[in-house]
Amino acid sequence: MCYHQIMLRDKIKADFKEAFKAREEVRLSVLKMVQSEIGNAEINKRAKLIKSGQADNIESLSVLNDEEVLQVISREVKKRKDSVEAFEKAGRLELAEKEKAEISALMSYMPEQLPEEKIRELAKKAVEQSGAKGEKEIGKVMAVLMPQVKGKSDGALVNKIVRELLAKLWKLKSWRN
C-alpha cells in the first residue's frame, strides 16, 4: 500500500466522526462496533507478538493493516447475515431490516464483490489446479481458491459453488466407471 493512501482504519475513524456529527445512528453504531472489533484484533495480535518474543516496536507492529481490517469487517458482515436469516425465520422482520442496514453500512468498506459467474470460473480453475477428484477434497480446492476471492466474495457462496462443482465431477467420474 502506498503511503499517500489513507489506511482503512483511519477512514473508519473519520467516517465515525462524520456519522456522529450527522447523527446517523445506524452508521454510528456500526462504526463504533467495528472500531471496537479492530481494537480487540489489535490486542490479540499484540499478545501473539509478545508470545512469539517480538517485544521490539510492538505498538506499531500490532496495528492492523487494511487486509486485516477487511477480515474484521467480513466477520461482522457474516454475523449480520446469519442474524438476518435467523430473524426472518422467527418472523422478526424489523430486526432483520436493522441488520440489513448494518450490512449495507459495512459493505461500503469492502472491495467490490465478485459476481457469481466469476467465482464459478475461478472455482473451475481451482478444481483443475488442485487436482481434486471429489467432494472429500474440498479443502484442496478452497486452499487454491480462497486467496483469490478473499474479501471479494461471500465464503458461504464460494463453498457452495465448489461443493456443486465437486459433486458434478464425482457424478461424472462414477458414471464413467
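What is the mean pLDDT of the protein, and what share of its residues reach 70 or more? I looked this up before anything else. The mean is 87, and 92% of the residues reach 70 or more; pLDDT is the predictor's confidence in each residue, from 0 to 100.

I note that this is a predicted model, in which local features need pLDDT of at least 70, side-chain atom pairs count only at pLDDT 80 or more, and totals for chains, interfaces and linings use all residues. Residues are numbered from 1 along each chain as its sequence is written, and side-chain values use heavy atoms, with hydrogens and water left out.

Confidence by element. I find the lowest confidence in helix α8 (residues 155–176), with a mean of 77. The highest is in α5, at 95. Helices (H or I, at least four residues) and strands (E, at least two) are DSSP runs, numbered from the N terminus.

Salt bridges. I counted a salt bridge where a side-chain nitrogen of Lys or Arg lies within 4 Å of a carboxyl oxygen of Asp or Glu. The count by this rule is 22.

Helix α1. I looked at Lys 11 and Asp 15, whose closest N and O atoms are 3.1 Å apart in a salt bridge. The two residues are four apart in helix α1 (residues 8–22), so about one helical turn separates them. Asp 15 is buried at 8%, whereas Lys 11 is partly exposed at 36%.

Helix α4. I then checked Glu 85 and Lys 89, which form a salt bridge at 3.6 Å, N to O. Both lie in helix α4 (residues 66–89), four residues apart, about one turn of the helix. Glu 85 is partly exposed, with 44% relative accessibility, and Lys 89 is exposed, with 70%.

Helix α4 to helix α5. I found Glu 88 in a salt bridge with Lys 100, the closest N and O atoms being 2.9 Å apart. This pair links distant parts of the chain, with Glu 88 in helix α4 and Lys 100 in helix α5 (residues 93–107), twelve residues apart. Glu 88 has a relative accessible area of 37% and is partly exposed; Lys 100, at 35%, is partly exposed as well.

Network. Which residues do salt bridges with shared partners join into one network with Lys 11? I list Asp 15, Glu 18, Glu 24 and Arg 27 alongside Lys 11.

Technical notes. Buried < 20%, exposed > 50% of the residue type's maximum accessible area, 1.4 Å probe, protein only.
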